[in-house]
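Please keep the structure in view while reading.

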Amino acid sequence: DKADMDVEAFEDGFLAKIITGEGESAPVGDVVALIAVEESDIAAIAAGGAGDTAASAPAAEEAPAAPAAAAAAAPDCEFSQVDMPALSSTMKEGKVVSWLKAEGDAISSGEAIMVVESDKADMDVEAFEDGFLAAIITGEGETGSVGAPVALIAAEEKDIPALQAYAATLSGAPAPVAAAGAPAAAAPKTAAPKA
C-alpha cells in the first residue's frame, strides 16, 4: 500500500500461469502465479492441473496445519494473526528484536508494532488492522520461521483473555505440527487453571 516492490521467485522453474494480473489486487498470502518445475508441465498447470510445480509446495505446508486447528480451536471472537513476515526473498526466519507495543495496548493499522531482524536488516513491522495487541507468541530475542504466528490482535479489548489462552496453544516454530499436535492439546489444560 506504500511502495512498488519486485517479487523474486523462491524456486527455479517456468512461469506457468498468472493468477493475479497487472493492476489487480490480491490479499496478502494469496497465490498470484504458478511456477512449473519442468517446462513440459506448463500446459497442464495453465489448464488447472497440479503437475510438478513449485506452487504445490505451499499446499503441502498447509496440510499439517489442520491437526493444529483441531487440537486448539480458535476462540469465537474477531481477531487477526500476525505472522513472521518475509522481509526479503531469501529470508527463511526472522528474529524479533523488540516489541514496540505491549500486550493489551491499543494499535492502529499502519502503526509499527515490532522490529524484526532479517538476514539483511532490521525493519519495523506494521499492524494491518486496528485493535489490541492481545498476545505475543514470539518474544523479544526469539526467532520464528517466515509465516509462523508471532502475535494475535483482538478486535475488541474484552477478547484479550480468550486470545491469550489460545496463543498458549500456538507456537512460533516451523510447521512440524503433526509431532507437536499432542503437546499442543495438553497445553490448554495447564493454562486454563491459571486464567
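## Overall architecture

The chain contains 5 helices and 10 strands. The model is a predicted one. Of the 195 residues in the chain, 29% are buried. Among contacts in the chain with a separation of 6 or more, 53% are between residues 24 or more positions apart.

## The open sheet

In what order do the strands of the open sheet lie? The sheet is made of 4 strands in the order β3-β10-β8-β5, with antiparallel pairing. β3 (79-83) and β5 (106-107) stand at the edges, and because each has a single partner strand, one side of each is left without a neighbour in the sheet.

β10 is joined to β3 by 5 bridges and to β8 by 4 bridges. Two facing residue pairs illustrate this arrangement: Val82 stands opposite Ala151 in β10, while Ala135 has Leu152 in β10 as its bridge partner. β10 is mostly covered, with 6 of its 6 residues buried.

Helix α4 (residues 160-167) lies across β3, β8 (131-136) and β10, and runs at about 30° to β8.

In soluble globular proteins, nonpolar side chains tend to be buried together. The largest nonpolar core in this model has 15 residues, and those with the most contacts inside it are Val82, Trp99, Ile113, Met114 and Val150. Two or more residues are given to this core by each of the elements β4 (93-99), β6 and β10 (149-154). A second, separate core has 11 residues, including Ala134, Leu152, Ala154 and Tyr166.

Val150 is in contact with several residues beyond its neighbours within four places in sequence, among them Val82, Trp99 and Met114. Other contacts of Val150 include Ala135, Ile136, Ile137 and Thr138.

Val116 is found in strand β6 (residues 112-117). Is Val116 buried or exposed? Its relative accessibility is 0%, so Val116 counts as buried. Leaving out residues up to four places away in sequence, Val116 touches Met84, Leu87, Met91, Gly94, Lys95, Val97, Ala121, Asp122, Met123 and Val125. Val116 and Trp99 are 17 residues apart along the chain, and their C-alpha atoms are separated by 8.9 Å.

## The aromatic pair

The structure holds 1 aromatic pair. Why is the pair of Phe79 and Tyr166 described as edge-to-face? The ring centres of Phe79 and Tyr166 are 5.8 Å apart and the ring planes are at 65°, so the pair is edge-to-face. Because Phe79 lies in strand β3 and Tyr166 in helix α4, the pair ties together parts that are 87 residues apart in sequence.

| Residue | Relative accessibility | Class |
|---|---|---|
| Val116 | 0% | buried |
| Tyr166 | 13% | buried |
| Phe79 | 25% | partly exposed |

The cut-off for a buried residue is under 20% relative accessible area. Tyr166, with a relative accessible area of 13%, is therefore buried, whereas Phe79 counts as partly exposed because its relative accessibility is 25%.

How values were computed:
Residues numbered from 1 in each chain as written. Predicted model: local features only at pLDDT ≥ 70, side-chain atom pairs only at ≥ 80, totals over all residues. Heavy atoms only, no water. Buried < 20%, exposed > 50% of the residue type's maximum accessible area, 1.4 Å probe, protein only. Contact = heavy atoms within 4.5 Å. Core = buried A, V, L, I, M, F, W, Y, C linked by side-chain atoms within 4.5 Å. Pairing = 2+ DSSP bridges. Axes fitted to C-alpha atoms, helices over the stretch in contact; angles between N-to-C directions. Phe/Tyr/Trp six-rings, centres within 6.5 Å; stacked < 30°, edge-to-face > 60°.
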